[in-house]
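Please examine the sequence and the three-dimensional structure shown below. The paragraphs that follow lead through its packing and its backbone.

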Amino acid sequence: MVRAGFAPVKGTRHQSYDAVRLDRAGPVGDRSWCVVDVDRQQVLRTVQHPSLVAVSAVPSPDGLSLALPSGKTAGGPVAASGATVTCDYWGRSVALDLLDGPHAELLSSHLGKPVRLAAAPRGGVVYAGAVTIVSTGTLWALAERVGLPVKELAARFRPTFVVESEEPHAEDGWVGSEVQLGPARVRVTSTVPRCAVVDTDPVTGERGGRVLAALAAYRPRDPASGDLVLGVDAEVVVPGTVAREGVHENR
């Protein structure tokens, strides 16, 4: 099983794609937009607002389409309003362009608070590495312990790529190495710390599941940070378009 994907709007459902184009900054289209509490100057994150995950965001020829499990939708152009807001994102000041369109009304109703859709600069609302990789061996090892399908676990951990590897957590040994992803190549920089977000249902956004506890039961914590880790972050060395069938371990 291989997978390639990202979320066009930060925190919303992680979408699967037949191919992902990587440039020097990472996956093109990844977290191009975000949801903002303008009054508090905050970018909404899944850990505080898990119901964001229930929003399916899909770029369209005329802008962006949003859909909720209830069937409610909003779509159309995402035009700049001329207003901006500067938010603190993990200690970084990020300037965001607030957008006009029907999306804010749907998001505000769903989240129960007034919010705006905003355009983010490349990498502006990305926590760590531009590219995240998890192996199939890792997902199978965890699936056996937690009793969830591998496909669902992949959606919970939200990697850019799921690569084929029989050895559980093989990717831990890739830190500092370069990995070929079809025509593209990335340099693996670090393991990925995990939090309670992985206990959020990847479709409904409801909290539940014991994924983090299952991970803690068999995985040693990072000796430097004390974090539970799964998967690795990477930076792009050679850009290219990566198709799902081209995602495999090939260092």
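Leaving aside its neighbours within four places in sequence, with which residues is Gly-29 in contact? Gly-29 touches Phe-6, Ala-7 and Pro-8, where contact means heavy atoms within 4.5 Å. This is a predicted model, in which local features need pLDDT of at least 70 and side-chain atom pairs count only at pLDDT 80 or more, while totals for chains, interfaces and linings use all residues. Residues are numbered from 1 along each chain as its sequence is written, and side-chain values use heavy atoms, with hydrogens and water left out.

Gly-29 belongs to the loop between strand 4 and strand 5; helices (H or I, at least four residues) and strands (E, at least two) are DSSP runs, numbered from the N terminus. With a relative accessible area of 22%, Gly-29 is partly exposed. On this scale, buried means under 20% relative accessible area, exposed means over 50%, and partly exposed lies in between (1.4 Å probe, protein chains only). The C-alpha atom of Gly-29 is separated by 25 Å from that of Val-175, 146 residues away along the chain.

The loop between strand 4 (26-27) and strand 5 (33-37) also holds Arg-31. Most residues other than glycine have a negative phi. Arg-31, although not a glycine, has a positive phi of about 50°, and its 21% relative accessibility makes it partly exposed. His-169 is another residue other than glycine with a positive phi, near 60°. His-169 is found in the loop between strand 14 and strand 15 (178-181) and counts as buried, at 9% relative accessibility.

The buried residues are Thr-136, Gly-137, Thr-138, Leu-139, Ala-141, Leu-142, Ala-143 and Val-146. They pack against strand 13 (131-135), helix 3, strand 14, helix 4 and strand 17. Leu-139, within helix 2, has a relative accessible area of 1% and is buried. Leu-139 and Val-150 are 11 residues apart in sequence, and their C-alpha atoms are 5.9 Å apart in space. Just after helix 2, Gly-147 adopts a positive phi of about 75°.

Two packed helices are described by the angle between their axes and the distance between the axes. Axes are lines fitted to C-alpha atoms, for helices over the stretch in contact, and angles run from 0 to 180 degrees between N-to-C directions. The axes of helix 2 and helix 3 cross at roughly 110° and come within 9 Å. Helix 2 is therefore roughly perpendicular to helix 3; angles under 35 degrees count as roughly parallel, over 145 as roughly antiparallel, 65 to 115 as roughly perpendicular and the rest as oblique. Helix 2 contributes Leu-139, Trp-140, Leu-142, Ala-143 and Val-146 to this contact, and helix 3 contributes Val-150, Leu-153, Ala-154 and Phe-157. By class, the contact of helix 2 with helix 3 has nine nonpolar, no polar and no charged residues. Here Ala, Val, Leu, Ile, Met, Phe, Trp, Tyr, Cys and Pro count as nonpolar, Asp, Glu, Lys and Arg as charged, and the others, Gly among them, as polar.

Helix 3 (residues 150-157) is largely enclosed by the rest of the structure, because six of its eight residues are buried. These are Val-150, Leu-153, Ala-154, Ala-155, Arg-156 and Phe-157, and they pack against strand 1 (3-6), helix 2, strand 14 (161-163), helix 4 and strand 17 (229-238). Helix 3 is followed by Arg-158, which has a positive phi near 55°.

Helix 2 (residues 136-146) also packs on helix 4 (residues 211-218), at an angle of about 105° and with the axes 10 Å apart. Helix 2 and helix 4 are therefore roughly perpendicular to each other. In this contact, Thr-138, Ala-141, Leu-142, Arg-145 and Val-146 of helix 2 meet Val-211, Ala-214, Leu-215 and Tyr-218 of helix 4. The contact of helix 2 with helix 4 has, by class, seven nonpolar, one polar and one charged residues. The charged end of Arg-145 sits over the ring of Tyr-218, 3.9 Å from the ring centre; the term requires NZ of Lys or CZ of Arg within 6 Å of the ring centre and within 35 degrees of the ring normal.
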